[in-house]
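Open the model in your viewer and keep the selection panel at hand. Each stop below tells you what to pick and what to look for.

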Amino acid sequence: MTPADASTARPVALITGASRGIGRAIADALAADHHLLLGGRDRDALDELAAGLPSAEPFAADLTDPAATARAVEELDLPEGLAALVHSAGILVSGRVDELAAEDWSRSLTANVAAVADLTRLLLPALRRAHGTVVTLNSGSGFSSGPGGGAYSASKFALRALTDSLREEERAHGVRVSSIHPGRVDTDMQHELRAYEHGDYERENYLRPASVAAAVAFAVRAPSEASVDVLSIRPR
Ligand SMILES: NC(=O)c1ccc[n+]([C@@H]2O[C@H](COP(=O)([O-])OP(=O)(O)OC[C@H]3O[C@@H](n4cnc5c(N)ncnc54)[C@H](OP(=O)(O)O)[C@@H]3O)[C@@H](O)[C@H]2O)c1
């Protein structure tokens, strides 16, 4: 089966942040029964990743650049619509309020909220055609915040507001919206966070990306009359 044949035979799932960490694990979790559009910024790396999956192609764009995002969406061919849009791309901006500049707050809110809203807007017609599922990778930080976590948490609180609104707006269109809230996960982002906290990296205390990916796959594959609205998954 050529990639083109495979893409028409399978429901299509676009996963942002698929190049690394949780998004990469989500690609593995959905690969068996979806044609995957793999989001990230390095097209060559995405090409290599796609080659190792049953049915996948790159979706390369810097999602904080609205023009680049719009161009990448225009290039998509989705005659059957989009069955799943999984937003795993995100950044960590750490720092106390007395350390952060306006630009730091903007970076966090742009990458973790505005970019998510904009890509969703562009893909809503395709999502409506397929009665698809939008999944956002939120965080425990979307419910509470602490020292040094203001800019990241603010973006995840705002992301929760976005998904709450979107869920109600799209109910009539048959699009469902899931907000997944992991605790600490063993990824590059966690290495960044532990470096900021000056703490040891305790892999055994963190979730594996595959465990979070299983929660995402559960939301995507939920029976059509059900919606996983909000799901919290944390290390034991
Ligand atoms: N790790 C945790 O403990 C944890 C806990 C709770 C929630 N989360 C959330 O889960 C999601 C995934 O986190 P992770 O730990 O897997 O992160 P990660 O390992 O740092 O990977 C981040 C991913 O986002 C992509 N990305 C970042 N900025 C982008 C941009 N401007 N345009 C396009 N892609 C961009 C990266 O692509 P490139 O390869 O091109 O850089 C990469 O694929 C994030 O939303 C994060 O906030 C993480």
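**Two exposed histidines**

Begin at His198: at 76% relative accessibility, His198 counts as exposed (exposed means over 50% relative accessible area, buried under 20%, partly exposed in between, with a 1.4 Å probe and protein chains only). His198 sits in the loop between α7 (188-197) and α8. Helices here are DSSP runs of H or I with at least four residues, strands are runs of E with at least two, and both are numbered from the N terminus. Check the backbone too: phi of His198 is near 55°, a positive value in a residue other than glycine.

Before moving on, note that this is a predicted model, where local features need pLDDT of at least 70 and side-chain atom pairs count only at pLDDT 80 or more, while totals for chains, interfaces and linings use all residues. Residues are numbered from 1 along each chain as its sequence is written, and side-chain values use heavy atoms, with hydrogens and water left out.

Now pick His131, in the loop between α5 (102-130) and β5. Its phi is near 50°, again a positive value in a residue other than glycine. His131 counts as exposed because its relative accessibility is 56%.

**Strand β2**

Select residues 35-40, which form β2. Six of its six residues are buried. Which residues point each way from β2? His35, Leu37 and Gly39 point one way, and Leu36, Leu38 and Gly40 the other. In a regular strand the side chains alternate between the two faces of the sheet.

β1 and β2 pair in the parallel sense over four bridges (strands pair if DSSP finds at least two bridges between them). Ala13 stands opposite Leu36 here. β2 also pairs in the parallel sense with β3 (residues 56-60), over five bridges. There Leu36 stands opposite Ala56.

Follow the connections next. From β2 the chain crosses through α3 to β3, and this β-α-β crossover is right-handed. With the strands pointing away from you, that term requires the path from the first strand over the helix to the second to run clockwise. β1, α2 and β2 also make a right-handed β-α-β unit.

Show the contacts of Leu36 (heavy atoms within 4.5 Å). Leaving out residues up to four places away in sequence, Leu36 touches several residues, including Ile15, Ala27, Leu30, Leu53 and Ser55.

Now widen the view to the largest nonpolar core, which has 34 residues. Such a core is a set of buried Ala, Val, Leu, Ile, Met, Phe, Trp, Tyr and Cys residues joined through side-chain atoms within 4.5 Å. Colour Ile26, Leu30, Leu36, Leu38 and Val86, which have the most contacts inside this core. Elements that give it two or more residues include β1 (12-16), α2 (21-30), α3 (43-51) and α8 (209-221). α8 gives the most, with seven residues. A second, separate core of 22 residues includes Leu37, Leu82, Leu85 and Leu166.

**Ser55**

Step to Ser55, in the loop between α3 and β3. Is Ser55 buried or exposed? Ser55 counts as buried because its relative accessible area is 3%. Its side chain joins that of His35 in a polar contact of 2.6 Å (N or O atoms within 3.5 Å; within protein, one must be able to donate a hydrogen and the other to accept it, and residues adjacent in sequence count only if both atoms are side-chain atoms).

**The ligand**

A polar side-chain atom of Arg41 lies 2.6 Å from a ligand oxygen atom. For a side-chain N or O atom of Arg20, the distance to a ligand oxygen atom is 2.7 Å. Gly90 takes part through its backbone: a polar atom there is 3.4 Å from an oxygen atom of the ligand.

**Strand β6**

Finish at β6, residues 176-182, where seven of seven residues are buried. Five bridges join β5 to β6, which run parallel. Val134 has Val177 as its bridge partner in β6. The chain reaches β6 from β5 through α6 (residues 150-170), in a right-handed β-α-β crossover. Four bridges join β6 to β7, also parallel, and Ile180 has Leu231 as its bridge partner in β7.
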